[in-house]
Amino acid sequence: MAAEIVNPRSDSKTHGAAGADGISGAEEPFDPAFALHRGGKMAVQATVPIRDKDDLSLAYTPGVAKVCSAIAENPELVHDYTWKSQVVAVVTDGTAVLGLGDIGPEASLPVMEGKAILFKQFGGVDAVPIALATTDVDEIIETVVRLAPSFGGVNLEDISAPRCFEIERRLQERLDIPVFHDDQHGTAVVTLAALRNAAKLSGRTLGDLRGVISGAGAAGVAISKFLLEAGIGDVAVADRKGIVSRDRDDLTDVKRELAELTNRAGISGPLETALAGADVFIGVSGGTVPEPAVASMAPGAFVFAMANPNPEVHPDVAHKYAAVVATGRSDYPNQINNVLAFPGIFAGALQVRASRITEGMKIAAANALADVVGDELAADYVIPSPFDERVAPAVTAAVAAAARAEGVARR
C-alpha cells in the first residue's frame, strides 16, 4: 500500500463554495488542512507489474489459482504468498477521537487514515483504516474476529474507556495475531522511555520515584500499570473525583483493580494532595493543575503534561519548578508522541510473526527508544524526535528479539 502525503487527485488551488477548505457557501480563505485531505491521504498501490497478458495470467487467473490451492492445503502459506504478514487493521468506532471525543465513524476516518500513513512512513508497515458503525462491545469483537484472516495485526484506536479494555482483552483471547490498543500501550511505552532517561539524567532510578497520574482513562490506566511493571517506586492515579484509592465506593471495576495495584502510600483526596512531594507528574486528562500544586512537588521533579492542545501544566509554569518537562505537543522539546512506538512495535511483531504483543516486548520497545538518545541526553532531550531515523529500526529489532525470547515468535 502506498501512503501518500500529497494526494495526486487533490487540487490544492481550489477553494470557496465546494473547495479545498471544505466549507460550503461563500468564498472562504484557503485552508491547507482541507487541501491536503481532499480525496483522502492514502491509496492502494500494486507491488507487481501488470504490463501484458503474461503478467495478468500470473497475478490473476490462472496463476492465482495455484497459490490459492496451496494455501488451502497449507494455511500457513498465507503469510508467505499474501500481504497478510505485513498489514495491520486500524480499527475504531469513533467514540474517543483525539481531543474531539465521540464524533462517529465517518468523522474519525481522517484520523485513521493519518494513523495508517504513520505506520507506513515510520515503520514500513501497511495499514488499512476500518471505522465501524457500531459501539456495541460484542459487535465490535465479532466484526474484528471475522476480518482478522486478512490481517497480520490489529491496532485498536480511539475507542472510549472502559469499553476499550474489554474489547482488547477479548480480542487478544480469541485471535492469534497481535492486538494492540495504541491509546493505552503506545502512550505508556513512550512515557516510560522518557521517564527512564529523565531519571538517568538526575542520577536516579525508576524505583526512586513516586509518580502521580492525572487521568484514569485508557492512557492513565495503561501507564500506571506499565510503570509498576517497569519498577517505579509508587504511582497514584487521579480521576475527576480525586485519587483512586481503596476507600472510595464509586469506582468502576477497572478503577477498583487500579486501586489495588497503585497508591501504595495510601493517599486520598484531590490530585493536589498527591502532588505534594511527588517526583513525577504525568497528565493524560486535560484540565489545569494549579501552579501551587506544581510548586509543591519534590525538588528536581519531572512534569509530563501531555494533554493537547493545552497541557495540564503550561511549560512556562512547569519549568519554574521541574528539572525535566515534556508535553504532547510538537512545538516544545520532549514530545511524548505515540508515533515513536507503534510503527516499530508492529514492525517487530510482524517480522517474527508474533502471536501477541507481551509486556516484555513493550518494555523492550521503551528501553530501545530511550537508548536512541544515548550520550546526547539533556533536560530538553530525554526522548528522540519522531523524525529520528534511528527510532523505528531500534524499536523493531528490540521487539523482534523480545518476542523470540518470550516464545511468541513463529519465525
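The structure is a predicted model, in which local features need pLDDT of at least 70 and side-chain atom pairs count only at pLDDT 80 or more, whereas totals for chains, interfaces and linings use all residues. Residues are numbered from 1 along each chain as its sequence is written, and side-chain values use heavy atoms, with hydrogens and water left out.

The protein chain contains 16 helices and ten strands (DSSP runs numbered from the N terminus, with H or I over at least four residues for helices and E over at least two for strands). Its C-alpha trace spans about 75 × 60 × 45 Å along the principal axes. Of the 411 residues, 52% are buried (under 20% relative accessible area, with exposed over 50% and partly exposed in between; 1.4 Å probe, protein chains only). Among contacts (heavy atoms within 4.5 Å) with a separation of 6 or more, 64% join residues 24 or more positions apart.

Ile-140 is located in helix H6, residues 137-147, and is buried, its relative accessible area being 0%. Beyond residues up to four places away in sequence, Ile-140 touches Asp-93, Leu-132, Thr-134, Thr-135, Arg-163 and Ile-167. A separation of 9.2 Å is found between the C-alpha atoms of Ile-140 and Val-91, which are 49 residues apart along the chain.

In helix H10 (residues 253-261), the buried residues are Val-254, Lys-255, Leu-258 and Ala-259. These lie on the same side of H10, because they cover an arc of only 140 degrees around the axis (the arc of the directions from the helix axis to the C-beta atoms). An α-helix has 3.6 residues a turn, so residues three or four places apart point the same way. The cover over the buried residues of H10 includes helix H7 (163-174), helix H9 (218-230) and strand S6 (234-239).

Thr-327 belongs to strand S10, residues 322-327, and counts as buried at 2% relative accessibility. When residues up to four places away in sequence are not counted, the residues that Thr-327 touches include Ala-305, Met-306, Pro-311, Pro-315 and Tyr-332.
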